[in-house]
Amino acid sequence: MLGHMGHLPDELLELVLNEMPCFYLSFISEGGSTELSGLFVEKPPEGVVANAGSDVTLIAKVDSTSLTRKPVMKWLKGKWMDLGSKAGKHMQFKETYDRNTKIYTYEMKIIKVVAGDAGGYRCEVTAKDKCDSCTFEITVEVAQQEEKADILSAFKRLHDFILHRDAGEDDGDLDFSALLKATKKYEQPEIDVWELLKSAHPSEYEKIAFKYGITDLRGMLKRLKKMHAPEPKHTEAFLKKLDSCYSVDKGKKIVLTCEVVDPNVQVKWLKNGQEIKPSAKYVMEANGNIRTLTINRTTLADDAAYECVVGEDKSFTEVFVKEPPVTITKLMDDYHVVVGERVEFEIEVSEEGAHVMWFFEDVELHKDKDSKFRFKKDGRKHTLIIPEATLEDIGMYHAWTNGGHTKGELEVEEKQLEVLQDIADLTVKATDQAVFKCEVSDDKVTGKWFKDGVEVLPSDRIKMTHVGRFHKLVIDDVKPEDAGDYTFVPDGYALSLSAKLNFLEIKIDYVPRQDPPKIHLDTTGNMVSQNTIIVVAGNKLRLDVEITGEPAPTVVWTKGEKLTLSISHWAFPLTLLQIVTETEGRIRVESRKDLSCFVIEGAEREDEGNYTICVTNPAGEDKANLFIKIVDVPDPPENVKCTGVGEDTASMIWDPPKYDGGAPVKGYLMERKKKGSSRWTKLNFDVYPDTTYEAKRMIEGILYEMRVFAVNSIGLSPPSLTSKPFMPIAPTSEPTRLSVHDVTDSTCSLKWLAPEKIGAGGLDGYVIEYCKEGDTEWVVANQELCERQGFVVRGLPVGEKINFRVVAVNIAGRSPPALLGQPVTIREIMGQHPKIRLPRALRTKYIRKVGEKINLVIPFQGKPRPVAIWYKDGQPVDPKMVNVRSSNVDTILFIRAAEREHSGTYELVLKIENMEDRATVIMRVVGKPGPPVNVRVTDVWGFNAALEWDPPTDDGNCEITGYTIQKADQKTKEWFTVYEHNRRTNCTVSDLIMGNTYQFRVYSENLCGLSEEPRVSKNTAVIAKTGLEMKKATYKEQDMSCMPKFTQPLVDRSVVAGYSTAISCSVRAFPKPKIIWMKNKMIIDDNPKYLMVNNQGVLTLRIRKPSTFDGGVYMCRAINELGQDERHRQNPQRHCQGRDDTCGRHQSTFYGS
């Protein structure tokens, strides 16, 4: 691809690079590839040539034999773009695994290759601490006619590219190759537009662009301006220029570094041509020849071109700021709707303004004018809106960001209209009003009314209304011809509601005689039998009863039941009646001539019961019994709970409602939602008859809740209580690579790897089971779950052939078992001789104090498992005194509190059949010693006393390191320490006080400390009060006389005028010498400016506030009666002349201030 850029004109190439996205420049600047450790068995070819529009498949194979976990493969384009987020219709990725060869095969397929797919690619595979990568390049060959273009057409395409880029297209899908290759072969236009623009007035630019079809006039003018600009003078000011480009993650720090020739030169830093001022964000540093610009906390605004300017020389670079992956914080919900409903898929992302791609199945959704989909952005919320769902919208919807993915399922069902209130039959008289009323579930549904199959049209007397879900047909001034069958038919549904209108004719017979009363009940309408009337709860019941009789009878309505009261063996009939006499209220009786109306407004469950109408007149009496039954929607189901889950399923169970509403329960409707969401999704539209249900198509690892509705002929019950949250989780796959690690006479050590598929339920542990060959009963080897990927099965019978299997367990249950290919024979295999690995600390004498804890851990090796035996002084150790524990690899000797009797020689014998190995440990347990023996005063003289004693009989099992001696006089009885750590068994106590009597005691001391008790001397030392006579010692006084000799010479020095100073030297002489100070060989008299000091042979001459006059050579001379000694610093020599001694010469130099 870089080769194609070489054929591009300089002006166009610079424009393309300026407008090119970050990832492409990163690829150009990166170059090369890195070969790591070899995990690939097969790599993609280094160069792939594809024709535009064809499919390309790239294959890589990885050997996982030496890997402990599943490898992770990444396909990258350029420097850092991960192609995993581009998976879809254009790019497809596939992964397979061969259990026999343990080889993973990874495929990347590019469907219908376009020019934008050309470039460098890289595939990386990682597995814990191992990784490998390989690079390859794809070249796309474009048709010949596409290559014929001139620079003007390039500007046209470039303009379109910039518009698409600004419109929010994904950078990874932009097609640059056609643009870069377009100028391989082109013919110069007959008219040179560049020359026209150069010579034209700026006001003519737009006219020329319009005439010659130039759409990117702005880009051409920018190039034209650079063509006019003189080239800057090139100077060699940089030893090392800035890199061509830098890449940094958003929010991170980046450092731009260059090296200049002159370490003292000042540089300027520019960003997009503007000078950068130092601040907390931009830190500029100069260290020798190195110049650095540090940009802290980079943002997208820092994605720009930067320059380092030294005089007229410049170094250019570009900084590309990469945005961090945008994650999805709120997942998409599932929807279950009917045709025509509005659907809103809503997600939340981690950053505002993030780019979200929406897909329906594998097709990306775009915001087009004719599209039915709407897209909405509100901060971090992104919403996909379907205004009216249709059956074609059923499927899976996806939302992708560069760092996350979520999906939601849409299920659309045909509309099913529910009848909430049916039409009731009516019986009316002439001139009365008839009202037919029904209620349906959809308030948008319209319909038509029919009478005996003929459409009813509105008139002054007939009116039809539609308010919400209610449809009414009102007929005023009813006439006999209005009687018939009336039907309401909703538009668009195969449904009809019918009722009958009965016209009641009133006949009046004038009979001069009396007629007994008669009740004429209408058995049509709501009566399901001769005396039962069914009313839906909440509806109005109006029962019109025709009554005849002369004179007009009296009507009495009563509610009650007949009971039988039994007393002893007698039975008495008992009637509990409630007379209805109200003419107003919810339950009332309306009386007209020859008509009695019983009305119940808003029927309730308590209104159900037996009702009696009784009419009487002088001619007789008549009664009629009615049973009014109130039917309602059922109560909600109870105890909704989840009994089991699968990978994407859940088994639900519930109890029927306690009250069925007076009508049998036809079935149930179920809804589910994700926990935390407020949107419920219907699971079925058809009534489900059972009380158990398996919900499917759920997402593993997500918490769900469910509720259930009961349905009868009246309608839908209220929802049940929400079930406890449950999570669809599947068991893991079987463990992998089960193998035998070791076998002994009673144990078998197994090892395996984790399952390939674990899922959202995680992994709690493993269960290990075994059975004898030929048996079918498996025995569990571990009582608790094993969390490690290895286990030792113990207690196995020797010589038997045993089958083993391992099962992974999580919250969802047991996985399929991993079985060994063949049974294992339980028998120790001789593989290693016994060998004791004695620690270095135990190879010498092992010393411990009394009371300390002893824990000797001695590792060993041997196969089969060796037998470890401990001996003490040739006898087996006493288990009451010493605790011994041995494992497969070591043995431990433990003593909780060491005692003196634990000392001795311990021997460890390691045996395997007739082979053995031995190791010896010498242990000494030491304690405090006993007191010394026979402490006595052997002599007293002057103020001194001599003591002697014998070593203690008990030395504490270690060497006596010393003694502590204390004294006490008989008067005070207070003990004072005289000596500590005295190594001999005798001592002399001095400085005793005359006239006192002293007693002494001695402590023994060893490694553990002083003895618990001291030993007191048997006798005392009495310091007598006797006269003292001083005997002077005769000695010859030593002759200390010596001639003067300087032990420290004078040294040269320089001082600052005005600051006091001093010069010094030292002399040794006896008798005390005479000191003479001289300046320039002139004796210094009693000048107050000079102070001469002699302090025990140290001679000092102090000069107060010297001036330049005081500079010169200073000498010091020491003279006594024995002679003199003169030494010069420059040429050391010594000679004696008379009794004068001069010490060197001191050259002093003074500097003026």
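**Exercises on a predicted protein model**

The side chains of Arg-805 and Glu-769 are joined by a polar contact of 2.6 Å (N or O atoms within 3.5 Å; within protein, one must be able to donate a hydrogen and the other to accept it, and residues adjacent in sequence count only if both atoms are side-chain atoms). The model is predicted: local features need pLDDT of at least 70, side-chain atom pairs count only at pLDDT 80 or more, and totals for chains, interfaces and linings use all residues. Residues are numbered from 1 along each chain as its sequence is written, and side-chain values use heavy atoms, with hydrogens and water left out.

**Exercise A**

Describe the place of Arg-805 and state whether Arg-805 is buried or exposed.

Solution. Begin with the strand: Arg-805 belongs to strand 57, which covers residues 801-810. Helices (H or I, at least four residues) and strands (E, at least two) are DSSP runs, numbered from the N terminus. Next, consider accessibility: the relative accessible area of Arg-805 is 17%, so Arg-805 is buried (buried is under 20% relative accessible area, exposed over 50%, partly exposed in between, with a 1.4 Å probe and protein chains only). Finally, list the contacts (heavy atoms within 4.5 Å). Leaving out residues up to four places away in sequence, Arg-805 touches several residues, including Leu-738, Trp-778, Arg-814 and Leu-819. Glu-769, the partner in the polar contact, is also one of the residues touched.

Determine where Pro-689 is found and which residues Pro-689 touches.

Solution. Begin with the position: Pro-689 is in the loop between strand 49 (681-682) and strand 50 (692-695). Next, the relative accessibility of Pro-689 is 55%, and Pro-689 therefore counts as exposed. Then turn to the contacts: not counting residues up to four places away in sequence, Pro-689 touches Lys-666, Gly-667 and Tyr-668. Finally, take the C-alpha atoms: those of Pro-689 and Leu-669 are separated by 9.2 Å, although these residues are 20 residues apart along the chain.

**Exercise C**

Solution. Begin with the order, which is 1-3-7-6 with antiparallel pairing (two strands pair if DSSP finds at least two bridges between them). Next, the edges are strand 1 (40-42) and strand 6 (91-98); each has a single partner strand, so one side of each lacks a neighbour in the sheet. Neighbouring strands of this sheet are turned by 25° against each other on average, direction ignored (axes are lines fitted to C-alpha atoms, for helices over the stretch in contact, and angles run from 0 to 180 degrees between N-to-C directions).

**Exercise D**

Identify which residues touch the most other members of the largest nonpolar core.

Solution. Begin with the meaning of the term: a nonpolar core is a set of buried Ala, Val, Leu, Ile, Met, Phe, Trp, Tyr and Cys residues joined through side-chain atoms within 4.5 Å. The largest core has 28 residues, and those touching the most other members are Phe-40, Leu-58, Met-73, Trp-75, Met-108, Tyr-121 and Ile-138. Next, at least two residues of this core come from each of strand 2 (47-51), strand 3, strand 4 (72-77), strand 7, strand 8 (119-127) and strand 9 (130-141). Apart from this core lies another, of 22 residues, among them Ile-836, Tyr-846, Ile-858 and Leu-910. In soluble globular proteins, nonpolar side chains tend to be buried together.

**Exercise E**

Solution. Finally, compare accessibility: Cys-1065 is buried, at a relative accessible area of 3%, whereas Cys-642 is partly exposed, at 27%.

Locate Pro-551 and Asp-452, and describe the backbone at each.

Solution. Pro-551 lies in the loop between strand 39 (541-550) and strand 40 (554-567). The peptide bond from Glu-550 to Pro-551 is cis, with omega near -5°. Asp-452 lies in the loop between strand 31 (447-451) and strand 32 (454-455). Although Asp-452 is not a glycine, its phi is positive, at about 50°. The relative accessibility of Asp-452 is 49%, so Asp-452 counts as partly exposed.
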